[in-house]
Amino acid sequence: KGEWSAAEVWTHVLQMSEHGAASITGILDAGKLPERARDEISGETRAGLGTSTDYWNAYLAIRNPLYQRVANAAGDEHLEVKINHPEFGDFSWREWFLFMRVHDLDHMRQLQSIAAAFA
């Protein structure tokens with residue numbers, strides 16, 4: 001992790017957020033089994049996102065609708081449907097939602113470290 005650029009970290013966070021949002025809303029709305037999560041660095045960066053603020057706004061555009069959808073859920077929808085993470089195993093949508101929060105906080109700390117190194 002320590003060798004990732006800030007843009008690579010942000011892109012990874014966006015990719016995992018997109019996967020999580022699609023998986024959770026798919027389960028809540030249709031009870032469908034989501035695709036397998038890929039918690040790995042792609043080496044990619046997002047075209048058109050040149051600053052941390054750009055990445056933050058892209059993150060919020062994914063996160064805010066997901067949080068609203070989860071807030072409107074009863075909480076017991078399709079808990080038998082699992083999102084599989086190759087390293088950590090199977091999660092219900094509620095568990096994946098919590099995993100996403102920890103994942104994001106971990107990478108936000110990583111971004112703070114990268115920023116501090118260049119300050």
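This is a predicted model: local features need pLDDT of at least 70, side-chain atom pairs count only at pLDDT 80 or more; totals for chains, interfaces and linings use all residues.
Residues are numbered from 1 along each chain as its sequence is written, and side-chain values use heavy atoms, with hydrogens and water left out.

## Overall layout

The protein has 3 helices and 2 strands. Their order along the sequence is α-α-β-β-α. Helices (H or I, at least four residues) and strands (E, at least two) are DSSP runs, numbered from the N terminus.

The protein has 119 residues, and 38% of them are buried. Buried means under 20% relative accessible area, exposed means over 50%, and partly exposed lies in between (1.4 Å probe, protein chains only). The accessible surface comes to about 6,900 Å². Carbon and sulfur atoms hold 53% of that surface. These areas come from the Shrake-Rupley method with a 1.4 Å probe; for residues, only the protein chains shown count as cover.

Contact means heavy atoms within 4.5 Å. Among contacts with a separation of 6 or more, 73% join residues 24 or more positions apart.

Helix α1 covers residues 6–30. Its 25 residues should span 36 Å at 1.5 Å a residue, and its end C-alpha atoms are 35 Å apart, which agrees. The expected span is 1.5 Å times one less than the number of residues. After α1 comes G31, with a positive phi near 65°.

Helix α2 has 20 residues. From first C-alpha to last, α2 reaches 27 Å, close to the 28 Å expected. Its buried residues are Y55, Y59, L60, I62, L66 and V70. They pack against α1 and α3. An α-helix has 3.6 residues a turn, so residues three or four places apart point the same way.

## The core and I24

The largest nonpolar core has 28 residues. Such a core is a set of buried Ala, Val, Leu, Ile, Met, Phe, Trp, Tyr and Cys residues joined through side-chain atoms within 4.5 Å. I24, Y59, L66, W93 and W96 have the most contacts inside this core. Helices α1, α2 and α3 each give two or more residues to the core. The most come from α1, with 9 residues.

I24 sits in helix α1. I24 is buried, with a relative accessible area of 0%. What surrounds I24? Leaving aside neighbours within four places in sequence, I24 is in contact with L66, V70, I83, W93, W96, F97 and M100. I24 and L66 are 42 residues apart in sequence, yet their C-alpha atoms are 8.1 Å apart.

## Aromatic pairs

The structure holds 9 aromatic pairs. Rings of Phe, Tyr and Trp (its six-membered ring) pair if their centres lie within 6.5 Å; planes under 30 degrees apart count as stacked, over 60 as edge-to-face and the rest as tilted. Two of the pairs are set out here.

| Pair | Centre to centre | Angle between planes | Class |
|---|---|---|---|
| Y67 and F97 | 5.1 Å | 70° | edge-to-face |
| F88 and F99 | 5.6 Å | 55° | tilted |

Y67 lies in helix α2 (residues 52–71) and F97 in helix α3 (residues 93–118), so this pair links distant parts of the chain, 30 residues apart. Y67 is partly exposed, with a relative accessible area of 26%. F97 is buried at 14%.

F88 is in the loop between β1 (83–85) and β2 (89–91), while F99 is in helix α3, so their pair ties together parts that are 11 residues apart in sequence. F99 is buried, with a relative accessible area of 14%. Ring pairs also link W10, Y55, W56 and Y59 into a cluster.

H78 lies in the loop between α2 and β1. Its phi is near 50°, a positive value in a residue other than glycine. Most residues other than glycine have a negative phi. H78 counts as partly exposed, at 30% relative accessibility.

N84 is found in strand β1. N84 is partly exposed, at 26% relative accessibility. N84 and W96 are 12 residues apart in sequence and 9.1 Å apart in space, C-alpha to C-alpha.
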